[in-house]
Amino acid sequence: MPESNDILEIRQSVRQLCAKYGEDYWLQLDRDRGFPTEFVSELTQSGFLTVLIPEEYGGAGLGVYEASIIMEEVCRSGAHAGACHAQMYVMGSVLRHGSETQKKTYLPKIAAGELRLQSFGVTEPTTGTDTTSLKTMARRDGDNYIINGQKVWISRIEHSDLMVLLARTTDKKEVTKKTDGLSAFIVDVGAAVGNGLEIQPIESMINHHSCELFFDDLVLPKANLLGEEGKGFKVILDGMNAERILIGAECVGDGRYFIDKASAYARDRRVFGRPIGQNQGVQFPIARCYTEVEAAWLMVEKAAKMFDAGESCGAEANMAKMLASEASWHAGDVCMQTHGGFAFAKEYHIERKFRETRLYQIAPISTNLILSFIGEHVLDLPRSF
Ligand SMILES: Cc1cc2nc3c(=O)[nH]c(=O)nc-3n(C[C@H](O)[C@H](O)[C@H](O)COP(=O)(O)OP(=O)(O)OC[C@H]3O[C@@H](n4cnc5c(N)ncnc54)[C@H](O)[C@@H]3O)c2cc1C
């Protein structure tokens, strides 16, 4: 189906904005491990990063479908969306589960770009994907909670004013359902650092600004509890479908970027007296990747539209993310192969995107966990763990 004029306008505007931040900008940031502050700020001020915030709180009140179009365009431009994408969806936890006071306090400022909510703290070094076994404890003490524990891979926290944190308020042994006893909190990062929160950046393969966090008696006021005590797993879970759809859209953007690059190079590069793209051995892999990426986009589109219609879309969101992350990785690999030795030269930008798009088969959720979700919840196969 052709896209509506509104969607085409969004695409055009995002494309124009991204064109100001060319690939050399991203290459330099990758080299310096810098943060794209100007880019994030312009994307926020132009209203693109805040489209999911309802109009009453100062956002555009658009859906995940429009948000997917934005993230897809950002990635197709050669940008590294991982540096900013969470600003788009982490606020969903506040929107869906925050009290009216929390919503009024945070959402208008996030929409105006005065507050950055870029960070969410779930993963822990010793428990990984097994989220309900996480060990960070939030102990109630009068009108406060005292936080102790450790998190790992918490991205963008050094560039965020707020973080949504998941911790246990009741020990796993004392709850009947393992998803109970977890609680979500809003952490004022500036106030916490040096007062019970220590942040240590992790040197990693991509410029994702991920950190290890150490909590040592961090005091959080009770007012920072997000949703009900003990029901924090749902606070996090409810945001996951939107996150997976948006990551799927980013992967489609990456995939289209690789296909654009590979096709252009295959048309131009002449070896043995003809364009390399004239050889079917070069042409067919690109055509195959194009087919895979476009098929993945259909699933992203389907999941996004179901999400916006309020329909249950767990399976579609998971399938979209899995298909798109595999398609973008395959397209990256073929783009590398098409460029031959030049693929390794940083000035061609491909190796950076190749590293960046690899993440999405692992985070925010790995492929095996998606397959196990489909096996158990869609195909009614026995639960494996
Ligand atoms: C760059 C980066 C940024 C990140 N940003 C954030 C962030 O901002 N906030 C945050 O909270 N987390 C973040 N993460 C963490 C990310 O969500 C986790 O790395 C991811 O969920 C996988 O967890 P793990 O690394 O502990 O892997 P593990 O849970 O140790 O799993 C390792 C491997 O074993 C497989 N596996 C495990 N159990 C099973 C099973 N039962 N059946 C089949 N296979 C299984 C997994 O699929 C995986 O491939 C980030 C990670 C990275 C690398």
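**View 1. Residue classes in the shell around the ligand.** By class, the shell around the ligand holds 11 nonpolar, 11 polar and no charged residues, where Ala, Val, Leu, Ile, Met, Phe, Trp, Tyr, Cys and Pro count as nonpolar, Asp, Glu, Lys and Arg as charged, and the others, Gly among them, as polar. The model is a predicted one, in which local features need pLDDT of at least 70 and side-chain atom pairs count only at pLDDT 80 or more, whereas totals for chains, interfaces and linings use all residues. Residues are numbered from 1 along each chain as its sequence is written. The ligand is surrounded by 22 residues, of which Val122, Gly128, Thr129, Trp153 and Ser366 are the closest; a residue is near a molecule if its C-beta atom, placed from the backbone, lies within 6 Å of it. At least two residues of the shell come from each of β1 (117–121), β3 (144–155) and α13 (367–378), with helices (H or I, at least four residues) and strands (E, at least two) taken as DSSP runs numbered from the N terminus.

**View 2. Domain 2 and domain 3 around the ligand.** Because domain 2 (117–231) and domain 3 (234–378) both give residues to the shell, the ligand lies between them; the domain bounds come from an automatic or database domain assignment. The centres of these two domains, taken over C-alpha atoms, are separated by 31 Å. Nine residues of domain 2 are in contact with eight residues of domain 3, a contact requiring that the C-beta atoms of two residues, placed from the backbone, lie within 7 Å.

**View 3. Packing of helix α4 against helix α10.** Helix α4 (residues 64–76) and helix α10 (residues 280–308) pack at an angle of about 145 degrees, and their axes are 8 Å apart; the axes are lines fitted to C-alpha atoms over the stretch in contact, and angles run from 0 to 180 degrees between N-to-C directions. From α4 the contact draws on Val64, Tyr65 and Ser68, and from α10 on Val300, Ala304, Lys305, Phe307 and Asp308. Among the residues touched by Val300, not counting those up to four places away in sequence, are Ser68, Ile245 and Ala320.

**View 4. Backbone at proline 364 and phenylalanine 272.** Alanine 363 and proline 364 are joined by a cis peptide bond with omega about 0 degrees, and proline 364 sits in the loop between α12 (350–358) and α13. Phenylalanine 272, although not a glycine, has a positive phi of about 55 degrees, and its place is the loop between β9 (270–271) and β10 (274–275).
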